[in-house]
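Visitor: I would like to learn how to read contacts in a model like this one. Where do we begin?

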Amino acid sequence: MGAAVHSGNRRGTKIVVKDDAEEKKFNNNTKDLLDIMAFYSRVSGSVGVITLQNPPVNALSAAVRQGIVDTMHRALSEPEVKSVVICGQNGKFCGGADIREFRANMRGPPLVPMIHLIEAAEKPVVAAIEGVALGGGLELALGCHYRIAHSKARLGLPEVTLGLLPGAGGTQRLPRLIGVPAALELITTGRHATAAEALQLGIVDEVTDHSAVDAAVKFAQSVAGKSLDARRISTYPCPRSPDLAEIFEKAMQEVRRSARGAIAPVTCVQAVHASVTLPYAKGMERERELFSTLFTSGQAHALQYYFFAQRAVSRWSTPSGARWDTSKPRPVHKAAVIGLGTMGRGITVSLAQAGLSVVAVETQEKQLLEAKQAVSGMLERSAKRRGAPLAHDKIKYSCSIQAVADVDLVIEAVFEDMALKKTIFQQLSGICKPGTFLCTNTSGLDIDELASQTQSPELVVGMHFFAPAHVMKLLEVVYGPRSSPEALATAMEMGKKMGKVSVAVGNCRGFVGNRMLKPYLEQAFFLLEEGATPEQVDQVLEEFGFAMGVFKVSDLSGLDVGWKVRKADGLVVPGSTGKSARIRGGSRYSPLGDLLCEQGRFGQKTGRGWYQYDKPGGRVAKPDPWLHGFLEEYRARHGLVARRIDHQEMLERCLYALINEGFQILQDGIAAGPEDIDVIYVLGYGWPRHRGGPMFYAGLVGLDKVLERLEHYHQVYPNVSGLKPCSLIRKLAASSSPPIHRWREFIQKPRSQL
Ligand SMILES: CCC[C@H](O)CC(=O)SCCNC(=O)CCNC(=O)[C@H](O)C(C)(C)COP(=O)([O-])OP(=O)([O-])OC[C@H]1O[C@@H](n2cnc3c(N)ncnc32)[C@H](O)[C@@H]1OP(=O)([O-])[O-]
């Protein structure tokens, strides 16, 4: 009797049933099967195949876990079945526990006993790993007696990136299987290993270029009836070596150094430690205990929120109603970059690596040659790192802007100078073929003003990259009032092609990221005026988890960048004294950054800034007694009395001013939702991921508390507008501070513009 193939149920699963009797049973139980989400079939007469079915990544939801338990029992009870294969539908083994269930009441059979059931089985169970085996997915595979992987599969325990540890035996089984150092590295970084690496480490038994399921079925037949004594990882002794104590000490030091206050990496080390100090059952108890502590932590909540936020930003929308699912991007095969300074070079590399043909333009021959060399070096290093082919031949260099005539999209990346950019946009509008998208890499200038220089303003959008552009994951895609949905969709798609996380934002001064930076920086300057040192402010911010404090970042990116902008805005008044020196437009202003620039202190590049460096271009920031003296003299000159400012005040004033601007941005419709802001801050501005992003953090602290502190500081500093709570935070706090996913309901939709 031939196999019958059923398809077309709710999720389009195929169920292979071997005989008529079974088919009848299938028909009777269709409803149950549909709810089970792990399907059972028998192939080649003696292999029970369990297929996880929960698109898109076959996450281990309650229904999937129930399905596995039920189908395992069935496979074990059927005498014809001699071995079992577990696989996932649609070429994906399993993406781990269902993260969406973490914030709900847990239902269904728990993972740990489910995996024990598999490991304890008297029939060999083979995991057929295609696509991914991550987190609980890999833990499930480690409970199987054998693992066969497809060569393109990726395996890992990424729980640490969600603020957790592998809590279904991963911290106890993996070290037993591959040794402590390799397990520690995989578990504390959460990185994905390739199938080849997994084979080398001993995580999988075989790798195939063909169907892993077919290979696993064959393999399962070959091991049927063989003893499983040596195949149950939980029974292995943990490999020991004399330097284990040292290994753990080093691992702990490393995670403490790089975790920036995140607790999960440290807890992961503790859990793996239990695998060598305790017998398996006790180690599992310890794993559960540590997992529970993490599971309920604010950090886990923040990281899981961030996981979904990073995916949510691709579903963009604009106040005018343009949306990701109704706006089609246009294909881009050939792109151009105008201006090959630091940013232009990075953008060129990103485009070439994404497989596009690139025309790279720099009008000065000498700079063009320098850029060519630099880009080649960057491509070589990157190809080596990624094990990818070189993309040199993708790029054509030219001194003439006329070379861009036939490209589909141009990214202008010249100096941040409106007059220069305007001239270039006028030229591009005349040179490019009709329909070419014209993008600018400005970090804050008016997109609409540039669009107005062209014949087709609907083709103009901003693509704000972050330095170094070929490394940083963030791209702010800025739509102006006249940008077409197609232009926006195309720029968003281009970002994705380049491996970026693209966030659509509206057009305003500084867009989202740099606009929020302004009140934050302003508070940092005011704190110096009132008695703090750059070191103290930076320390508070770094303790909070920022990769670098605000003054170190300022030294790194160059004080002259902001100075130029302030000069263009007419804020810099050299030699001004008295009260007016610290007031602009009726608001408090600190000229400290301007005064440093007047001294030629531009930061790292000049070897002096808020800190001192051993040489121009030096990287190691050291406190500078000159600066401390300068601050004292400045305060004395302006009649400011230095006071001791506590950590909490420094943190609150910097962060709450930034957060307040974030609420203003939401209110203005510049960002569609808090997730957009949070992703921008984590990926572009070093906000600690384990704190979710500034808007999530505000919710965690409590909107009423943030509001109360802003009101307090605004009362103390009435001439600092950045501290005046904006109406959205008031509205939310007055509505009992709804959870962050409901904030959009409180944002008034601005008028349609597109
Ligand atoms: C006791 C427990 C112990 C255990 O140790 C704990 C765990 O296992 S913790 C878990 C450890 N596992 C991990 O940390 C793995 C997390 N997942 C990933 O890293 C990537 O999703 C993956 C590499 C699998 C696919 O990348 P890709 O191909 O670029 O696709 P994509 O990323 O765009 O995702 C597509 C859609 O699937 C969604 N979704 C994905 N995974 C899960 C999930 N586990 N759950 C729920 N949903 C999940 C995702 O939100 C998105 O939804 P939407 O509505 O379309 O936006």
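Guide: Begin with one residue and its cover. This is a predicted model. Lys334 has 25% relative accessibility, so it counts as partly exposed.

Visitor: Which residue meets the side chain of Lys334 in a salt bridge?

Guide: Asp406, with N to O at 3.0 Å.

Visitor: Is Glu652 buried or exposed?

Guide: Buried, because its relative accessibility is 4% and the cut-off for buried is under 20%. Arg709, at 18%, counts as buried as well.

Visitor: What about a pair whose partners differ in cover?

Guide: Take Arg74 and Glu78. Their side chains meet in a salt bridge, 3.2 Å from N to O. Arg74 is partly exposed, at 26% relative accessible area. Glu78 is buried, at 13%.

Visitor: How many salt bridges does a search of the whole structure find?

Guide: The search finds 40. Some residues join in a network: Glu529, Glu530, Arg582, Arg588, Arg643, Glu649 and Arg653 are linked by salt bridges.

Visitor: Now the ligand. How many residues surround it?

Guide: 27 residues, the closest being Ala97, Gly136, Glu139, Glu159 and Arg311. Sort the shell by residue class next. It divides into 15 nonpolar, 5 polar and 7 charged residues.

Visitor: Which helices each supply at least two residues of that shell?

Guide: Helix H5 (136-143) and helix H13 (298-312). H13 gives the largest share, 3 residues.

Visitor: Which atoms should I look at next?

Guide: A backbone N or O atom of Gly95 lies 2.9 Å from a ligand nitrogen. A polar backbone atom of Gly136 is 2.8 Å from a ligand oxygen. Arg100 uses its side chain: a polar atom there lies 3.2 Å from an oxygen of the ligand.

Visitor: How much of the ligand's area does the protein bury?

Guide: The protein buries 77% of the 1000 Å² that the ligand exposes when taken alone.

Terms used:
Residues are numbered from 1 along each chain as its sequence is written. This is a predicted model: local features need pLDDT of at least 70, side-chain atom pairs count only at pLDDT 80 or more; totals for chains, interfaces and linings use all residues. Side-chain values use heavy atoms; hydrogens and water are left out. A residue is near a molecule or strand if one of its heavy atoms lies within 4 Å of it. A polar contact is a pair of N or O atoms within 3.5 Å; within protein, one must be able to donate a hydrogen and the other to accept it, and residues adjacent in sequence count only if both atoms are side-chain atoms. Accessible areas come from the Shrake-Rupley method with a 1.4 Å probe; for residues, only the protein chains shown count as cover. Helices (H or I, at least four residues) and strands (E, at least two) are DSSP runs, numbered from the N terminus. Ala, Val, Leu, Ile, Met, Phe, Trp, Tyr, Cys and Pro count as nonpolar, Asp, Glu, Lys and Arg as charged, and the others, Gly among them, as polar. A salt bridge is a side-chain nitrogen of Lys or Arg within 4 Å of a carboxyl oxygen of Asp or Glu. Buried means under 20% relative accessible area, exposed over 50%, partly exposed in between (1.4 Å probe, protein chains only).
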